[in-house]
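Thanks for coming, everyone. Please bring up the sequence and the model, and follow along as I talk.

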Amino acid sequence: MRKAYRFLAAALSLVLCTGLQSCHNEKISSGYPILFRCADVTRAEATIKDLQDNGFDVNAFFTANGSKFDFTKSLSYDKVSGIWGYNDIEYWLPGATYYFKALYPTNAGTIDNSNSAQSLTISNFDVTSQTDLLVAETEAIVVDASIGSPTGGSVVNLQFKHLLANVVIAMKAEISGVEVKNISLVTVAQTGSYDDTKAVPWSTSQTTDIVKNNIDKTLSYNTVEYTDVTNGGFLVIPQVINGTQKLKIETSNKDYELGIPNITWSVGTQYIYTLTVKQNDILFDMPTIVKVDEWDEKNATGSVIIK
């Protein structure tokens with residue numbers, strides 16, 4: 001594997017000598033290697049460090065001269081060279097059209113790699129694990145037969161996006177000494193199945209309470225700013241909130257159970273609910289909705305960006 005990393009490092013330095021869109025006319029060995037490169041940390045639950053530590057599989061489907069081909073490669077990160085490597089280097093096939101798709105974590109679902117749709121299915125995902133689900137896929141990448149690589153260069157740009165939703169609870173107090181102990185989302189979907197060929201890809205089955213215990217965070221008194229008491233929020237299966245779901249908050253002076261206003265929690269969207277603790281009750285506002293392109297850090301760089 002170390003030899004493969006050294007080769008990829010040399011190839012990457014040639015392909016990226018003046019950026020991703022240059023140096024594609026630098027012939028390497030028997031062709032241009034298919035390369036992958038990672039990016040900075042983002043605000044996803046699964047960070048770039050998780051990808052580096054655990055790796056992920058990339059599925060490729062491609063056609064050439066009327067024939068179909070495919071391969072799957074397990075990418076792993078080498079901290080010494082700072083690149084992503086894989087065994088048995090693949091080379092771009094001149095004139096071919098490629099499609100790539102990746103899922104993190106790899107074993108969370110199944111990608112049908114027999115055609116260009118590369119449909120993804122996930123069965124009975126249990127959200128109580130609070131594991132982030134990320135998927136990345138490309139449009140068709142055509143290899144220019146005259147130069148032997150795509151016109152955009154030899155590096156595949158994978159842009160990961162969330163398949164779950166994110167619910168953040170942010171609080172402030174108008175009385176002093178309020179300490180948040182535990183927070184629960186009550187009667188929300190526990191398990192769900194995903195099929196990206198359907199108009200509504202997620203379906204849900206049984207319900208549960210998702211709990212964050214031992215928060216032990218004292219709210220600032222009479223401040224303008226709200227404090228996120230969920231440490232980045234709950235990961236939730238996208239679902240319709242219809243009045244049966246509740247928010248339960250246990251504090252040092254009182255426990256609260258609030259109905260969550262009707263809404264649909266959608267794929268790749270963050271919902272920030274703001275609550276104000278008053279003398280005798282709690283004020284529960286409608287959420288701020290943050291779309292996927294604003295969920296993460298805006299200045300992440302590189303070729304693999306989690307969104």
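Confidence comes before anything else, since this is a predicted model. The pLDDT averages 84 over the chain, and 82% of the residues score at least 70. Two stretches need care. Residues 12-29 have a pLDDT below 50, and in the model this stretch makes 35 contacts beyond near neighbours in sequence. Residues 297-307 also have a pLDDT below 50, with 45 contacts beyond near neighbours in sequence.

Now the overall build. The chain has three helices and 28 strands. It runs to 307 residues, and 48% of them count as buried. Take the contacts between residues at least 6 apart in sequence: 71% of them join residues at least 24 apart.

On to the inside. In soluble globular proteins, nonpolar side chains tend to be buried together. Here, the largest nonpolar core holds 46 residues. Which of them touch the most other members? They are Ile169, Met171, Trp265, Tyr273 and Leu275. Look at Trp265. Leaving out residues up to four places away in sequence, Trp265 touches Ala165, Val167, Leu185, Val188, Val236, Pro238, Gln239, Ile241, Ile260, Tyr271 and Tyr273. Another core, of 28 residues, lies apart from the largest one; Ile34, Phe36, Phe71 and Phe160 are among its members.

Next, the aromatic rings. How many aromatic pairs does a search of the whole structure find? The search finds 14. One of them joins Tyr77 and Trp84, with 5.4 Å between the centres and 55 degrees between the planes, so the pair counts as tilted. Tyr77 is partly exposed, at a relative accessible area of 22%. Trp84 is buried, at 3%. Tyr273 and Phe284 also form a tilted pair, 5.5 Å centre to centre with 55 degrees between the planes. Tyr273 sits in strand β25, residues 270-277, and Phe284 in strand β26, residues 282-284, so this pair ties together parts that are eleven residues apart in sequence. Both Tyr273 and Phe284 are buried.

There is also an aromatic cluster. Its members are Phe36, Phe62, Phe69, Phe71, Tyr86, Trp92, Tyr98 and Phe100. Phe36 and Phe71 you have met already, in the core of 28 residues.

Last stop, two loop residues. First, Gln190. The loop that holds Gln190 runs between β14 (179-189) and β15 (191-195). Is Gln190 buried or exposed? Gln190 counts as buried, because its relative accessible area is 14%, and the cut-off is under 20%. From Gln190 to Ser205 is 15 residues along the chain and 7.3 Å between C-alpha atoms. Setting aside residues up to four places away in sequence, Gln190 touches Phe125, Asp126, Val127, Thr128, Gln206, Thr207, Thr208 and Ile237.

Then Thr244. Thr244 is in the loop between β21 (239-241) and β22 (246-251). Thr244 is partly exposed, with a relative accessible area of 44%. Val188 is 56 residues away from Thr244 in sequence, yet their C-alpha atoms are 8.5 Å apart. With residues up to four places away in sequence left out, Thr244 touches Val186 and Thr187.

That's my tour. Over to you.

Key:
Residues numbered from 1 in each chain as written. Predicted model: local features only at pLDDT ≥ 70, side-chain atom pairs only at ≥ 80, totals over all residues. Heavy atoms only, no water. Phe/Tyr/Trp six-rings, centres within 6.5 Å; stacked < 30°, edge-to-face > 60°. Buried < 20%, exposed > 50% of the residue type's maximum accessible area, 1.4 Å probe, protein only. Helix = DSSP H or I, 4+ residues; strand = E, 2+ residues; numbered from the N terminus. Contact = heavy atoms within 4.5 Å. Core = buried A, V, L, I, M, F, W, Y, C linked by side-chain atoms within 4.5 Å. pLDDT = per-residue confidence, 0-100.
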